[in-house]
Amino acid sequence: MLNVKVLSGSMIAVLLAICSYLGAISRPDAAVAHVGTKALPEVAKVAQKTPAASLTISERGIGSAKLGMTFGELKKALGSTAQFKESPFKPGEGFEAVAVSQPGQVQYWIIYPFRTKLKDADVIEDLMTDNPIYKTVEGVGPGMTLKQAEAIYGKATLGYNTGYESVEVLVFANQPNKKIRFAPKAEGRQYAGVYGASQGSVHETNKYQPNAVIRSVMVRK
């Protein structure tokens, strides 16, 4: 279960800063999850079609982009058909990004510290995608409804903290790896979750809008 209350202030600050930033370079209502490590049900594993290695989201990276490789190594791996473009950033959040396109369509973003320029020798530590062709080995990825994802990863819990810009976060009960973080959205709504009254700054729920989907997936070193 997502426990926003017990996460350290520094951890939440980092997660919410990244969430807010991703909304600036793509679409609004971005979020990232602090996830659990319980084992997946075997039936769910068998039911999903494993994506090709070039389209797989894992704890190691997204497609050809791997955490720990340098920017120059990724350029070499993708070849001349790939394009790399610095994306807009939201001042004050501490992050910038390079959008990786191939061919002409953004595949994923490389996230790096604010006020620096990503150099070929720099190591990739953060990646994000909202491209639905990328999925985890269990078949979960951007564009999938939360209901569909719950059938694979277990109960979804959503939450936000008004002390940290009210950015919504998401976690699945049986999500296998905490380095893979999912961001929810519900078109036409401020939040994907359906929240009741709260006495404090922390809001948490297992209920969500009927049109709630996974907006994006992030992998962090």
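Tutor: Happy to! Two strands pair if DSSP finds at least two bridges between them, and strands (E, at least two residues) and helices (H or I, at least four) are DSSP runs, numbered from the N terminus. This is a predicted model, where local features need pLDDT of at least 70, side-chain atom pairs count only at pLDDT 80 or more, and totals for chains, interfaces and linings use all residues. Residues are numbered from 1 along each chain as its sequence is written, and side-chain values use heavy atoms, with hydrogens and water left out.

Our part is an open sheet of three strands, in the order S10-S9-S12 with antiparallel pairing. S10 and strand S12 (202-205) are the edge strands, each pairing on one side only. On average, neighbouring strands here are turned by 20° against each other, direction ignored; axes are lines fitted to C-alpha atoms, for helices over the stretch in contact, and angles run from 0 to 180 degrees between N-to-C directions.

Now look at S9 and S10, whose antiparallel pairing spans four bridges. Ala 156 stands opposite Phe 172 in S10. Across S9 and S10 lies H4, running at about 40° to S10; contact means heavy atoms within 4.5 Å.

Phe 172 also leads us to the largest nonpolar core: of its 39 residues, Tyr 108, Phe 172 and Phe 182 touch the most other members. Such a core is a set of buried Ala, Val, Leu, Ile, Met, Phe, Trp, Tyr and Cys residues joined through side-chain atoms within 4.5 Å, where buried means under 20% relative accessible area (1.4 Å probe, protein chains only). Elements giving two or more residues to this core include helix H4 (146-153), strand S9 (156-161) and strand S10 (169-172). H4 provides the largest share, four residues.

How values were computed
Buried means under 20% relative accessible area, exposed over 50%, partly exposed in between (1.4 Å probe, protein chains only).
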